[in-house]
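Hi there,

Here is the structure I promised to send over.

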Amino acid sequence: MVVIVYITTIILSGSVIDTNNIISKNNIIVLVVFILLAYVLSVIISNKFIVPLKRVEKGLKAVSEGKLPDISRIKSTEEFPEYQELMNSYVSMLKVIKKNTFDLNSQESKTEIILEHMADGVMAFSTTKEIVHMNKAAMRMLNITEVEDNFDSICKKLNLAADYSKIMYLPNYQSVEAKCEIGDLALSVVFAPFFSDELNPLGVIMIIRNITDSVKTDNVRKEFVANVSHELKTPLTSIRGYSETIMNGDLTYQEIMRFSKVINQEANRMSRMVSDLLQLSRMDYNRVSFNPVTLNTIDTLKKICEKVRFEAEEKGHKLELICSENTPNIYVDKSSIEQIVINILTNSIKYTPDNGLIRIYAGPIENRVYIKVIDNGIGIPQKDLDRVFERFYRVDKARSRKMGGTGLGLSIVKEMVEGNNGTIVMDSKLNEGTEVTMTFPTTKG
Ligand SMILES: Nc1ncnc2c1ncn2[C@@H]1O[C@H](COP(=O)(O)OP(=O)(O)OP(=O)(O)O)[C@@H](O)[C@H]1O
Ligand SMILES: [Mg+2]
């Protein structure tokens, strides 16, 4: 084309090449014009046809490298009318890629956040058993800090024998569950394979759940049922035994009276236990409403002392009430506070050898009222102190049972104290005595 333009220009200019091939002055001008024209033409062609293609090519290269060109910097498609359709498609393609990338990224970060904040441990293993993902909960539960473990070492840590290939070739949506213990933790571990879009297995997912609390609750429930059965069986056995003896006849009046007394005592114990259990169950299901009222602390304690005085004096105990003059009013449910203090005092009376000393103190403490019961009784060994608030827990089962105790008193006390926004702490020294300290609110709120 350049040649054609050159020849045409020469012809049109009417110049000729002289015989000696010397370019005339006119020809030089024509040549310069030609070069200039060719340059201008090439710039125009390049701007119109090549530049937009180059830009698209550069943009596509960037996309292939995972970078997105800035759409706002792409000049208006009107600038390249010849390629309007191409440029429109290019821009809309970039917009679609940008939207999809954004959706994908936000989906990924959402999944990441969910995984990281899950209470359950989640781990993913490749087909070669390497860890490809592990969330914080899994690290915490298994005490792993670095990703140096693999499926086998994790299973060893958990004391589990799991067949990797069997799990990996499980049908879609099927899983295997196992239970194990690691330190103080009880864990439930679920293994499931994960697949590609074409349903080829890509590895195994492991979900680790901390079931320590539910195992504990389950054990407490089992223990509770065993305790109730045992506690009911003992009095029932003696009731049956004594009543059969009476029915067999040949007994003196005194014997009949003695056996009947035992039957009556055992029946009373059973009925007390059943009503204690019902009370606990009502509190468990929040069916007990505590209606706090403002009470004069000293008057309330005086009345309670009078209620147990006879029982205390029967054992020769001295009962003393020592209150600070500035003891504030107490804000609690009236019948609860009576039952709480009577339970504590009854324990002191029961577990203090005859002629003991039981003192009740009351006074202000940090915007609250404190009530303290101190006895000089048999005391509680240190190892049992934490457990005395558990249902049916008794330090000396035989001794407590002989005294008619069921081991439910302090568990009821604890529930009631908490229901009245109070606190309770027990301190004791074996063979020296026991000290129970409670605090309660003085006013509403
Ligand atoms: N003041 C105390 N001195 C010594 N031991 C105590 C005292 N108070 C409680 N205990 C111990 O704590 C155990 C639990 O007390 P709790 O009041 O719950 O049951 P209990 O007195 O045996 O039976 P219940 O109160 O149901 O009739 C008692 O069996 C006893 O071993
Ligand atoms: Mg008791």
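A quick definition to begin: Lys and Arg count as positive and Asp and Glu as negative, while His and the chain ends are not counted. The place of a charge is taken as NZ of Lys, CZ of Arg, CG of Asp or CD of Glu. With that, the mean positions of the 54 positive and 55 negative charges of the protein chain are 2 Å apart.

Please keep in mind that this is a predicted model, where local features need pLDDT of at least 70 and side-chain atom pairs count only at pLDDT 80 or more, whereas totals for chains, interfaces and linings use all residues. Residues are numbered from 1 along each chain as its sequence is written, chains are lettered from A and ligands numbered from 1 in the order in which they are written, and side-chain values use heavy atoms, with hydrogens and water left out.

On the overall shape, the C-alpha trace of the protein chain spans about 165 × 60 × 35 Å along its principal axes. Of the 445 residues, 34% count as buried (under 20% relative accessible area, with a 1.4 Å probe and protein chains only).

H317 is buried, at a relative accessible area of 4%. T352 is 35 residues away from H317 in sequence, yet their C-alpha atoms are 8.4 Å apart.

Best wishes

Terms used
Buried < 20%, exposed > 50% of the residue type's maximum accessible area, 1.4 Å probe, protein only.
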